[in-house]
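Here are my notes on the model, as numbered points. Please read them with the structure open.

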Amino acid sequence: MTDILTAIFSTIGALAILFASIGILRMPDFYLRLSVTVKASTLGVGLLLICAAFTFSDVSVTTKAMAIIFFLILTAPVAAHMIGKTAYHTGVAIWKGTIIDELKDFYEKKAPDGDENPEQQP
Amino acid sequence: MKHFLMNLLLSFIWVALTGSLYYSNFLFGYLMGFFILWIMNRQEADRRYFNRVPKTIGFIFYFLYEMIAANVQVAYDVITPKYFFKPGIIRYPLEATTDIEINLLSTMISMTPGTLILDISEDKKSLFIHVMYLRDRDRFIQQIKKGFEHKLLEILR
């Protein structure tokens, strides 16, 4: 039973990481790459850690695996958000197929008010 | 919060009494403690904890389902030669007000494949989400509101 579960989960996890890396190669612009990579790799690493917890059915290993998954889920979106925000601020181009961009209107509306100190933004 | 701590204490007592430190045993003790507290607090006024726990478990499973479904969609798009996506950056009006609510909501949205938080306005009223499959803007906003935000706020408030 444990072997079957480990096999299924590790296959799905490895496939998720594989699709994420193919996604880096194939996506047309930076934001789509970021969007594909962060989630799929988090899911893949999470599934592989669950496999480790199943295989070594030991409290210490399970605790560590759960802690790693918890911190991964806690930190990966923050990292993706910061990378995406920085890319948008430094003017990385958006793919030409993008339908709407409401963030651009937001910054343009804000710019005439005099937002002189972008460093002070949190 | 008080009920949660009491429940944890009861499950630790269960684990100590049975003497086998496994997660399954801990979970069983937690369920027993929940049941005992539920019976003992039937007449009390503050019963929020007993509604929250089932809702939280349901929400976790719902979130896992959403995450896997979206992952399958993105993976299908990655390995087939044609692009199906229509990306767009939209403004999402927030109902969540405090920091912890916004944090949890944006973590959920970011963890679902196909959506990525790009920015949050300074008055904490709106999020800017990069969406991969944007068929209809208003329908997408409704979907997130009904699917994630209302359920999350129900648990947290």
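At what angle do the axes of helix α3 (residues 48–79) of chain B and helix α5 (residues 137–156) of chain B cross? Point 2 gives the answer.

1. Basis. This is a predicted model: local features need pLDDT of at least 70, side-chain atom pairs count only at pLDDT 80 or more, and totals for chains, interfaces and linings use all residues. Residues are numbered from 1 along each chain as its sequence is written, while chains are lettered from A and ligands numbered from 1 in the order in which they are written.

2. The helix pair in chain B. The axes of α3(B) and α5(B) cross at roughly 150 degrees and come within 9 Å. Axes are lines fitted to C-alpha atoms, for helices over the stretch in contact, and angles run from 0 to 180 degrees between N-to-C directions. α3(B) is therefore roughly antiparallel to α5(B) (angles over 145 degrees count as such). α3(B) passes α5(B) in a left-handed crossing, meaning that the near helix is turned anticlockwise from the far one by less than a right angle.

3. Residues at that crossing. α3(B) contributes Arg52(B), Lys55(B), Thr56(B) and Phe59(B), and α5(B) contributes Lys151(B), Glu154(B) and Ile155(B). Contact requires C-beta atoms, placed from the backbone, within 7 Å. By class, there are two nonpolar, one polar and four charged residues. Ala, Val, Leu, Ile, Met, Phe, Trp, Tyr, Cys and Pro count as nonpolar, Asp, Glu, Lys and Arg as charged, and the others, Gly among them, as polar.

4. Chain B overall. Chain B has five helices and three strands, in the order α-α-α-β-α-β-β-α. Helices (H or I, at least four residues) and strands (E, at least two) are DSSP runs, numbered from the N terminus. The radius of gyration of chain B is 20 Å, well over the 15 Å that the globule rule gives for 157 residues, so chain B is more spread out than a compact globule. That radius is taken over C-alpha atoms, and the rule is 2.2 Å times the number of residues to the power 0.38. The C-alpha trace spans about 60 × 40 × 25 Å along its principal axes.

5. The interface. In chain A, 31 residues are in contact with 30 residues of chain B. α3(A) gives the largest share of chain A's side, nine residues. That side divides into 19 nonpolar, seven polar and five charged residues.

6. Leu32(A). This residue is found in helix α2 of chain A. Beyond four places in sequence, Leu32(A) touches Met27(A), Trp95(A), Pro87(B) and Met132(B).

How values were computed: Two residues are in contact if their C-beta atoms, placed from the backbone, lie within 7 Å. Angles under 35 degrees count as roughly parallel, over 145 as roughly antiparallel, 65 to 115 as roughly perpendicular and the rest as oblique.
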